[in-house]
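I opened the notebook to log a few local features. The entries follow in the order I looked them up.

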Amino acid sequence: MHLSRRGLLRAGLATTAAAALGSTAAGCAVPRGSTGRTMTLWYWSGGLSEKVVADAERRFTDVSLRPVQIGGYYRSKLMTTMTGQAYIPDIAGLRGEDMASYLPNADQFVDLRTLGAEKFKDQYLPWKWDAGTAPDGSLIGFPIDAGPVGQFYRADTFEAAGLPTDPAEVSARTSTWEAYFATGETLQRKIKGAYWVVDIIAVYNYAIGQGTRRFVDENRHFIGDGEHVRRAWDLALEARRRGLVSPMLSGTPDAIAATEKGLLPDQLGASWVGGDLKLNLPKTKGTWRVAQMPGGPANDGGSFLSITQACREREQAFEIITWLLGADNQTRGFVDAGLFPSTPASYRQKAMLDPDPFFGGQRTVDVFGPAAEKIPVAYNSPYDVALGQPIRDELTRVSQAGKDPKRAWKDAMKTCRRIADHLGVSV
């Protein structure tokens with residue numbers, strides 16, 4: 001379950017991304033009312049360590065840094081502001097899952113190579129650095145977190161079910177999806193009222209993320225009907241067929257209460273879910289552990305900072321970004337908000353290696369570090385979100401409304417083909 005700062009993120013289609021940004025003039029206008037001395041930073045709750053941001057306000061006195069947390073549909077608000085050419089932020093966060101939508105319009109952002117970004121490249125995970133790079137080679141996104149996924153579980157509930165509780169043993173027992181589901185069946189037989197899978201969409205999303213193909217390939221061809229997507233679909237439905245899926249909706253009060261009671265004792269999620277658990281379930285401190293992701297590493301989220309063309313003081317903005325996202329401050333971001341660093345040097349720092357009391361003294365970097373370095377690299381198309389959403393929508397209808405899975409798949413493909421035709425994607 002994602003108790004999560006990203007709940008609104010996946011709702012709706014992203015078909016407007018390229019069009020909205022494409023209508024913005026190549027050189028964005030300076031925000032009305034800006035004197036050039038005030039520098040605005042847009043991000044979202046949990047997107048950066050608030051302590052680090054506060055330190056940046058005190059540290060950089062040549063400008064007045066004004067951090068603004070944007071709620072709701074962040075991407076839409078940023079695009080609307082840029083299209084209107086007024087009150088555009090100088091520095092803007094870009095969510096990792098939205099990045100492909102921004103890359104075709106890279107000229108709306110400053111190419112960070114022109115400010116000396118290349119000298120920092122070796123300090124960041126290669127796949128993460130490349131994810132912020134546009135097809136023309138310009139770098140528009142400077143890496144924040146990496147978003148590796150793990151298996152969060154309640155050691156006390158596992159012990160009550162007669163299951164191993166040590167992270168290494170749990171990782172070995174649930175190393176494949178089949179083994180993961182079988183372990184869930186064992187737990188549900190032993191713990192009355194418990195459910196193993198909170199949301200089958202998570203199973204589907206992470207199974208997709210474990211591969212190197214998504215929904216549209218480099219030749220602008222729809223591949224969402226391929227075996228890699230069908231396998232992820234079937235895995236999600238297998239969890240439902242085996243009775244492992246909770247009837248509760250992720251993030252609702254009922255689900256949070258059940259999690260606190262140990263009745264939703266296993267949750268797949270990115271490292272930042274740890275921060276959500278700490279915030280939402282403080283009474284469960286010490287009962288949680290983290291094991292490796294069944295089926296192999298995957299990514300969920302992981303974001304970037306950019307400089308918009310509206311920024312007057314670009315060198316100063318870049319200095320702020322590189323300070324915010326240096327290894328030391330990325331370590332603080334993990335400690336404060338569960339944002340797993342994209343800087344491997346952070347993984348050796350004391351704060352990362354200290355036992356975490358919330359996770360029973362476990363060093364969770366031992367799980368997330370290797371996973372972050374082995375994230376499968378896939379081509380991310382600007383059209384992936386739009387052409388992936390109908391499949392998720394139909395899977396939700398199967399899970400929550402009991403729709404026939406065969407009919408749901410056919411309907412998903414029909415919708416995808418219609419959207420692909422509208423977007424100029426070949427099928």
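I took helices (H or I, at least four residues) and strands (E, at least two) as DSSP runs, numbered from the N terminus. The model is predicted, so I kept to the record's limits: local features need pLDDT of at least 70, side-chain atom pairs count only at pLDDT 80 or more, and totals for chains, interfaces and linings use all residues. Residues are numbered from 1 along each chain as its sequence is written, and side-chain values use heavy atoms, with hydrogens and water left out.

**Entry: the loop between α3 and β3**

I found Tyr87 in the loop between α3 and β3. Its phi is near 60°, a positive value in a residue other than glycine. I checked the background: most residues other than glycine have a negative phi. Is Tyr87 buried or exposed? I class a residue as buried under 20% relative accessible area, exposed over 50%, and partly exposed in between (1.4 Å probe, protein chains only). Tyr87 is exposed, because its relative accessible area is 54%.

Gln85 lies in the loop between α3 (74-84) and β3. I noted a positive phi of about 55° for Gln85, which is not a glycine. Gln85 has a relative accessible area of 26%, so I logged it as partly exposed.

**Entry: the sheet**

I followed β3 into the sheet. I count two strands as paired if DSSP finds at least two bridges between them. Five strands form an open sheet in the order β2-β1-β3-β8-β4, with mixed pairing. β2 (64-69) and β4 (142-143) stand at the edges; each has a single partner strand, so one side of each is left without a neighbour in the sheet.

Strands β1 (residues 38-43) and β3 (residues 91-94) run parallel, joined by two bridges. Which residue of β3 is the bridge partner of Leu41? I found Ile91 there.

**Entry: a charged patch**

I then turned to the surface. Asp62, Glu313, Glu315 and Glu319 gather in a patch of negative charge. Such a patch takes residues with over 30% relative accessible area and no salt bridge, like charges being joined within 9 Å. A salt bridge is a side-chain nitrogen of Lys or Arg within 4 Å of a carboxyl oxygen of Asp or Glu. I placed Glu313 in the loop between β8 (304-307) and α13 (314-324). Glu313 counts as partly exposed because its relative accessibility is 37%.

**Entry: Lys410**

Lys410 is in helix α18 (residues 405-423). I logged Lys410 as exposed because its relative accessible area is 53%. Lys410 and Ile391 are 19 residues apart along the chain, and their C-alpha atoms are separated by 9.7 Å.

Notes. Patches are made of residues with over 30% relative accessible area and no salt bridge: like charges are joined within 9 Å, nonpolar side chains (Val, Leu, Ile, Met, Phe, Trp, Tyr) within 5 Å. Accessible areas come from the Shrake-Rupley method with a 1.4 Å probe; for residues, only the protein chains shown count as cover. Lys and Arg count as positive and Asp and Glu as negative; His and the chain ends are not counted. The place of a charge is taken as NZ of Lys, CZ of Arg, CG of Asp or CD of Glu.
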